[in-house]
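Work through these exercises with the sequence and the structure side by side. Each task is followed by a worked solution.

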Amino acid sequence: MLTSTISPSLKLGLRMIGMWPDSSCKTFFWLFYMITIVVMQYFQYLYFFAQLGTNNFSKLMDGLSVTLDYTLTFLKLLSLWHNRRIFSDILSAMNDDWNDCSTDSHVYVMTSKANLAHRCSNVMLVLNTLSTFFYFIGSFLSHRTISKNGDLREFPMQVQFPFDAATDSPIFELIVLGLFLHVWETATVIALLNSLILTLVLHVSGQIDIMCQGLREISTTQKPHLYAIRSLIVRHQRIISLSNNIDNFFSFVALIQFVWNTVVICSIGIMIMISLGTGVEGKSGLLIQSIIPYIAVTLEAFVFCFAGEYLSTKSKSISDAAYDTIWYDLSISECRILLLIIIRSQKRLTITAGKVMDLTLEGFTTVMKASASYMSVLHAMY
């Protein structure tokens, strides 16, 4: 039987990057991965600044999109590491919620949410792995690995090394393998962070369903109801506290996510328009190499907005469940307590982007509309 909302693959991935509390050598794993990102960023920005003086606009924008993805991941991990104590409190509260499942109905609700969270985590990991493969396949189709003159070999992603021996065998093959493994690892980390916020929101929604179930059962139980109502108040307060911790843990991450998504979508949009306007040779590879990151960035923004929208919608169901109870059969003091629950649940639970805006599907639609407008302008220009 499941005893945790967090899937084993998600837990293993968080351990490998040093984000899981109380894991052995977590500081070493986190520092090692962050140092590899810094080294990779150096080679990426070295290529980007080298291409600024050239007229090869497609290569410049291709390198910029991948470089910005790496920078976004680096900033995310810095923010989450800074708030690691909040994450430890979240995991402790989740463990207490599982231990508090006293009835079969509570266990069924939490198990169904855990199964859904596990499936979502596995699907995100598989999708990001496939996007990595397609990106490298598109790069191969675009660059053909070896140029026409046969004396210059290009790497599958836009990096520049400060030594000439990087294009000689077998160093070139080893570097290509290392680049693939590192890009795949970074794509996996992005999937881990996306599945983590969705898993936490699903856990909170399970607790909300249990509370709504408890409110409905008040009408069917014998008097007195005061003890059951008090236990529901305690559960409601735990839900609010856990939701606030999740918001504090992901607030800055969501903010930089939307800022960076705007820049990345613009750069990838330029690449797509260039690929549509190029000749037949290299067109398919550049198009694949552009569309896959665009879908990945869009899906990443959708996950954050969907998590915020889902949490807000579920929090409103508490007031509806409290009103649907047979409150007219309760005592005056019990009705007053129910009234306080209804009033408190009117302030919906949500996840914010830097405490500035709520993450909702309406906000995601606004971002996509702006992206579509930008793409139409580029299409008219090209």
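**Exercise 1. Helix α6**

How many of the 48 residues of α6 are buried?

Solution. The model is a predicted one. Start with the extent of the helix: α6 covers residues 171-218. Next, check its length. From first C-alpha to last, α6 reaches 70 Å, close to the 70 Å expected at 1.5 Å a residue. Now apply the cut-off: a residue is buried when its relative accessible area is under 20%. In α6, 37 of the 48 residues are buried, and the helix is mostly covered.

**Exercise 2. The chain as a whole**

Describe the order of helices and strands in the protein chain, then its burial and its contacts.

Solution. Count the elements: there are 10 helices and two strands. Then read along the sequence. The pattern is α-α-α-α-α-α-α-α-α-β-β-α. For burial, take the 382 residues of the protein chain; 49% of them count as buried. Finish with the surface. The protein chain exposes about 18600 Å², and carbon and sulfur atoms supply 65% of that area.

**Exercise 3. The faces of α4**

Why do the buried residues of α4 line one face of the helix?

Solution. First check the helix itself. α4 runs over residues 84-99, 16 residues in all, and should span 22 Å at 1.5 Å a residue. Its end C-alpha atoms lie 23 Å apart, which agrees. List the buried residues next: Phe87, Ile90, Leu91, Met94, Asp97 and Trp98. Look down the axis of α4. These buried residues fall within an arc of 120 degrees, so they line one face. An α-helix has 3.6 residues a turn, so residues three or four places apart point the same way. Then turn to the other face. Away from the buried side, α4 carries the exposed residues Arg85 and Asn99.

**Exercise 4. Salt bridges of Asp209**

Which residues form a salt bridge with Asp209, and where do they sit?

Solution. Begin with the total: the count comes to eight salt bridges. Asp209 pairs with Lys113, and the closest N and O atoms are 3.5 Å apart. This pair links distant parts of the chain, with Asp209 in helix α6 and Lys113 in helix α5, 96 residues apart. Asp209 also pairs with Lys314, where the closest N and O atoms are 2.5 Å apart. That pair too links distant parts of the chain: Lys314 is in helix α8, 105 residues from Asp209 in α6.

Now test burial against the 20% cut-off. Asp209 has 19% relative accessibility, so it counts as buried. Lys113 is buried at 12%. Lys314, at 17%, counts as buried.

**Exercise 5. A loop bridge and a network**

Locate the partners of the salt bridge between Lys355 and Asp247.

Solution. Take the distance first: the closest N and O atoms of Lys355 and Asp247 are 2.8 Å apart. Then place each partner. Lys355 lies in the loop between β1 (352-353) and β2 (357-358), while Asp247 belongs to helix α7 (residues 226-277). The two residues are 108 positions apart, and the pair links distant parts of the chain. Asp247 is buried, with a relative accessible area of 8%. Elsewhere, salt bridges that share partners join Asp97, Asp100, Arg235 and Arg238 into one network.

**Exercise 6. The surroundings of Met211**

Is Met211 buried or exposed? Which residues does Met211 contact beyond its neighbours within four places in sequence?

Solution. At 0% relative accessibility, Met211 counts as buried. Set aside the neighbours within four places. Met211 is then in contact with Leu232, Arg235, His236, Ile239, Ile318 and Ile341. Take Arg235 as one case. Met211 and Arg235 are 24 residues apart in sequence, and their C-alpha atoms are 7.1 Å apart in space.

**Exercise 7. The nonpolar patch**

Which element gives the most residues to the nonpolar patch on the surface?

Solution. List the members: Val123, Val126, Leu127, Leu130, Phe133, Phe134, Ile137, Leu299, Phe302, Phe306 and Leu361. Together they have about 900 Å² of accessible area. Two or more residues come from each of α5 (104-143) and α8 (283-323). α5 gives the most, with seven residues. Ile137 is in helix α5. At 44% relative accessibility, Ile137 counts as partly exposed.

Technical notes. Residues numbered from 1 in each chain as written. Predicted model: local features only at pLDDT ≥ 70, side-chain atom pairs only at ≥ 80, totals over all residues. Heavy atoms only, no water. Helix = DSSP H or I, 4+ residues; strand = E, 2+ residues; numbered from the N terminus. Buried < 20%, exposed > 50% of the residue type's maximum accessible area, 1.4 Å probe, protein only. Areas by Shrake-Rupley, 256 points an atom, 1.4 Å probe, with all protein chains shown as cover. Patch = residues over 30% accessible without salt bridge, like charges linked within 9 Å, V, L, I, M, F, W, Y side chains within 5 Å. Salt bridge = Lys/Arg side-chain N within 4 Å of Asp/Glu carboxyl O. Expected span 1.5 Å × (residues − 1). Arc of directions from axis to C-beta. Contact = heavy atoms within 4.5 Å.
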